[in-house]
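Me: I would like to learn how to read a structure such as this one, feature by feature, with the general idea given before the particular case.

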Amino acid sequence: MKAFKGTFRKKNGEIREMLFAHLRDLPDSFLDAKIVGSGFEKTYPEGMELVWDIEEDNFRIFNWNTQTGPVEQVKIDSNYYN
């Protein structure tokens with residue numbers, strides 16, 4: 001399964017390195033098990049993307065507007081999503 005490693009500056013000025021997957025790359029069954037709520041999709045400001053943080057095992061926002069350095073694609077074990 002493909003994932004990405006990138007760094008950005010958080011709103012409070014801290015640098016955050018994140019290993020994440022785009023939601024579009026995640027299996028539907030994985031997302032269905034993780035998503036709870038009313039079913040309405042929240043919109044985010046331009047440059048902010050809801051992603052799955054692999055290390056935190058939760059949804060997080062990646063801020064493309066404050067990205068520092070390249071975002072690299074990495075491979076992770078596909079069993080993670082099963």
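Me: How many residues does the protein chain have, and what percentage of them is buried?

Reply: A residue is called buried when its relative accessible area is under 20%, exposed when it is over 50%, and partly exposed in between, with a 1.4 Å probe and protein chains only. Of the 82 residues in the protein chain, 30% are buried. The accessible surface of the protein chain is about 5,700 Å², and carbon and sulfur atoms hold 48% of that surface; such areas come from the Shrake-Rupley method with a 1.4 Å probe, and for residues only the protein chains shown count as cover. The model is a predicted one, in which local features need pLDDT of at least 70 and side-chain atom pairs count only at pLDDT 80 or more, while totals for chains, interfaces and linings use all residues. Residues are numbered from 1 along each chain as its sequence is written, and side-chain values use heavy atoms, with hydrogens and water left out.

Me: Which pattern does the protein chain follow along the sequence?

Reply: Helices (H or I, at least four residues) and strands (E, at least two) are DSSP runs, numbered from the N terminus. Here the protein chain has 1 helix and 5 strands, and reading along the sequence gives the pattern β-β-α-β-β-β.

Me: In what order do the strands lie in the sheet?

Reply: Strands of a sheet pair through backbone hydrogen bonds, either parallel or antiparallel. Two strands are taken as paired if DSSP finds at least two bridges between them. In this structure an open sheet of 5 strands has the order β4-β3-β2-β1-β5, and the pairing is antiparallel. At its edges are β4 and β5 (72-75), each of which pairs on one side only. Neighbouring strands of the sheet are turned against each other by 45° on average, direction ignored, where axes are lines fitted to C-alpha atoms, for helices over the stretch in contact, and angles run from 0 to 180 degrees between N-to-C directions.

Me: How many bridges join β1 to β5, and which residue of β5 is the bridge partner of K2?

Reply: Strand β1 (residues 2-9) and β5 run antiparallel and are joined by 4 bridges, and K2 has K75 as its bridge partner in β5.

Me: Which residues make up the largest nonpolar core?

Reply: A nonpolar core is a set of buried Ala, Val, Leu, Ile, Met, Phe, Trp, Tyr and Cys residues joined through side-chain atoms within 4.5 Å. The largest one here has 9 residues, namely A3, L19, A21, L26, F30, L31, W52, I54 and I76. Both β2 (15-22) and α1 (28-34) supply at least two residues of this core. There is also a second, separate core of 6 residues, among them F4, F8, M18 and V51.

Me: How many salt bridges are found in the whole structure?

Reply: Side chains of opposite charge can pair when their charged atoms come close. The cut-off for a salt bridge is a side-chain nitrogen of Lys or Arg within 4 Å of a carboxyl oxygen of Asp or Glu. By that rule the whole structure has 5 salt bridges. One of them joins D53 and R16, at 2.4 Å from N to O; D53 lies in strand β3 and R16 in strand β2, so this pair ties together parts that are 37 residues apart in sequence.

Me: Are D53 and R16 buried or exposed?

Reply: D53 is buried, with a relative accessible area of 0%, and R16 is also buried, at 18%. Another salt bridge, between E14 and K10, has its closest N and O atoms 3.6 Å apart; E14 is partly exposed at 43% relative accessibility, as is K10 at 30%.
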